[in-house]
Amino acid sequence: MKDIDLENPFSVIDLPRKMVEALESVLSSAGIDVPAIFIQILLLVISAVLAFVLFKKNQPFCRKGIVSLLGLTACCLLVVSILFNWVMELVQPFPDKVSGHLIRQDRLPDNPLVGTRVSLLDIRKNEISLEGGRVDSDEGYFGVYYQKRFGDRPYYLLVTSPVCKQQRIKIPLSRLRARSPIDVDYVCEVNR
Amino acid sequence: MTRVLRVFLALAAILLIAPNARGASLVVRGVVVNETTGVPLGGVSVAGEYGNYSGSSVTNSEGQFEIRFSYGSPPKLREVAIILKKSGYGEKTKIMQLEQAELRDLRFSMTQTLGAAALGPEDKSRLGNEVSSDGRTLFLLPYSGDGGPDAASAISLNRLAEAVHRFVTADFQELAKNASSFPPALKAPFSIRLLPKETTVLSDAERLTSIGRYLNALALAGGSKAVVRQGGTDKLLMESKFLIIPQTAGFDAYYLQIDDIVPMRQINTLKFHEGLSDYWALYILLAFSIKEMRDTETSPDRRMRLEQIRSCLKAKKAQYGPADKRKVASIDTLLKSVEAKLRQTGVR
């Protein structure tokens, strides 16, 4: 399987969110399959408590070391990030449908989009799509409806074709929030 | 008494809810045609998916189908996927947006793949890298006489390809000046590529057509060449067969003949192309026109594009005199077809 990331990997602003997502992914791969919102609440509580302890410990700030101050900053950033994402999700909810295009980049004589399907996966790589998923073999258009859950979102678009290798494409949060189409340059690697 | 009242109320609630829960249905109607000829296709298996509901149908002799989806609660996704399958044709999936309660007068087209499908996996693997992405490539097959020890074999196909390309480009530029409107498709670059020797033999028309379709070629050409002595000078004699690949209604893939006689002293100069037959330019123009006619089938600016083809063909026809009956006849045949298509679109 080929993994494709459409997000900007060097975005510093997204770092705390990516840390939370990474933790969710690690817990999931370790067999701890709990909803994302629980992990976020847990992380929020731990970070808030840690931030409070560090804040108390560092009073007045000038007397303590830089390491503690950095720890305090990191915890605060994590708390702010989680709260920010919740607020954003309340103010600007994710759509319940993901649509876009697979834009063919191959010169194969047989159209690889014939019989191709897409589905949505959450961060634990579980399928969350409910309806749709067929890909228009001429236009490459697809639309998938999924079950929305607070604190969670579709993370991956799984492309399955009868002739090409399966591809997992990471869905950028920005495009999901903007409700803009997920257009992917699709390079079919033929199954041998 | 209270229990009886509860049962009564429950029954009343069920009766109130029942009309809303009663099944609704969605009807999808349309027609399936052959993409190149426009002829309705019967016996096409049409499957439909509306959310998690599915239905299927088979087209009648007029290419018509109807699918009825019966559902309890309507799907969230307001889209219907239609999957078309027919032996000898490429499978197709179309996603239709559901903006009204019904989808009517849908028109789908399917492309015949029998030609390409007739090729074996070895052929496909050998030719796979040669497939033209834009259908604007003339493929040259090795000429008999290549590889021998005589003077004719010393003239490489590359040299011929360069000369043909230069000749046709110059001719199209001239046409663009004289035509009142000119198809942009003819202004865009085209290419000429050489195919390996073991590809096929020219006499096998069916196989050649299959290869052409597989390669998404504009045309295929090949033949024989020899050096002959005429009037005290050595001349290169080339007999080429030219096969136009794109199809449209009334124009299936067909063979054309081109004879070239070029003085040998001209071959290795920049004027090689000037000695080539005008049929090269004419037939490539015909091939592009047929391709363009086919491409206009689903185009929103169909009328304008057809008028451009007509103008271009007329400009080419004007280049010929009374002695060029064969050339004029081949243009006239295509012009008639363009006129007929224009009449269909309501333009005079």
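Predicted model: local features only at pLDDT ≥ 70, side-chain atom pairs only at ≥ 80, totals over all residues.

Colleague: Let's take strand S5 of chain A; is it buried or exposed?

Modeller: All of it is buried: 6 of the 6 residues of S5(A), residues 141–146, fall in that class, so the strand is largely enclosed by the rest of the structure. Both faces are covered, with A:Tyr141, A:Gly143 and A:Tyr145 buried on one side and A:Phe142, A:Val144 and A:Tyr146 buried on the other.

Colleague: Which strands pair with S5(A)?

Modeller: Strand S2 of chain A, residues 97–104, pairs with S5(A) in the antiparallel sense over 5 bridges, and there A:His101 stands opposite A:Tyr141. S4(A) also pairs with S5(A) in the antiparallel sense, over 4 bridges, with A:Phe142 as the bridge partner of A:Val135. S4(A) and S5(A) form a hairpin with 5 residues between the strands, and in that hairpin A:Gly140 takes a positive phi near 80°.

Colleague: Which residue of chain A has a positive phi although it is not a glycine?

Modeller: A:Lys125 has one, at about 65°, whereas most residues other than glycine have a negative phi. A:Lys125 is found in the loop between strand S3 (117–121) and strand S4 (129–135) of chain A, and at 35% relative accessibility it counts as partly exposed.

Colleague: Switching to cysteines, where is A:Cys188, and what does it touch?

Modeller: A:Cys188 is found in the segment after strand S8 (182–186) of chain A, and it is buried, with a relative accessible area of 9%. Leaving aside neighbours within four places in sequence, A:Cys188 is in contact with A:Asp106, A:Leu108, A:Pro112, A:Cys164 and A:Gln167. A:Lys165 is 23 residues away from A:Cys188 in sequence, and their C-alpha atoms are 7.0 Å apart in space.

Colleague: At what angle do H2(A) and H3(A) pack?

Modeller: Helix H2 (residues 36–57) and helix H3 (residues 66–91) of chain A pack at an angle of about 145°, with their axes 8 Å apart, and their crossing is left-handed. Among the residues that meet there are A:Leu43, A:Leu44 and A:Phe55 in H2(A), and A:Cys75, A:Cys76 and A:Trp86 in H3(A).

Colleague: Now chain B: which residues touch the most other members of the largest nonpolar core?

Modeller: That core has 54 residues, and the ones touching the most other members are B:Leu138, B:Phe242, B:Trp280 and B:Ile284. H8(B) gives the most to this core, with 12 residues. Not counting residues up to four places away in sequence, the contacts of B:Leu138 include B:Val164, B:Phe242, B:Trp280 and B:Ile284.

Colleague: How many residues of H8(B) are buried?

Modeller: In H8(B), 16 of the 18 residues are buried, so the helix is largely enclosed by the rest of the structure. At 1.5 Å a residue, H8(B), residues 279–296, should span 26 Å, and its end C-alpha atoms are 25 Å apart, which agrees.

Colleague: In what order do the strands of the open sheet in chain B come?

Modeller: The order is S4-S1-S7, 3 strands in all, with mixed pairing. S4 (64–71) and S7 (103–110) of chain B stand at the edges with a single partner strand each, so one side of each is left without a neighbour in the sheet. On average, neighbouring strands of this sheet are turned by 30° against each other, direction ignored. Strand S1, residues 24–34, runs antiparallel to S4(B) and is joined to it by 8 bridges, and B:Val28 stands opposite B:Ile67.

Colleague: And what is the phi of B:Asp105?

Modeller: Its phi is near 55°, a positive value in a residue other than glycine. B:Asp105 is found in strand S7 of chain B and is exposed, with a relative accessible area of 73%.

Methods. Residues numbered from 1 in each chain as written. Chains lettered and ligands numbered in written order. Heavy atoms only, no water. Pairing = 2+ DSSP bridges. Helix = DSSP H or I, 4+ residues; strand = E, 2+ residues; numbered from the N terminus. Axes fitted to C-alpha atoms, helices over the stretch in contact; angles between N-to-C directions. Expected span 1.5 Å × (residues − 1). Buried < 20%, exposed > 50% of the residue type's maximum accessible area, 1.4 Å probe, protein only. Core = buried A, V, L, I, M, F, W, Y, C linked by side-chain atoms within 4.5 Å. Contact = heavy atoms within 4.5 Å. Left-handed = near helix turned anticlockwise from the far one by under 90°.
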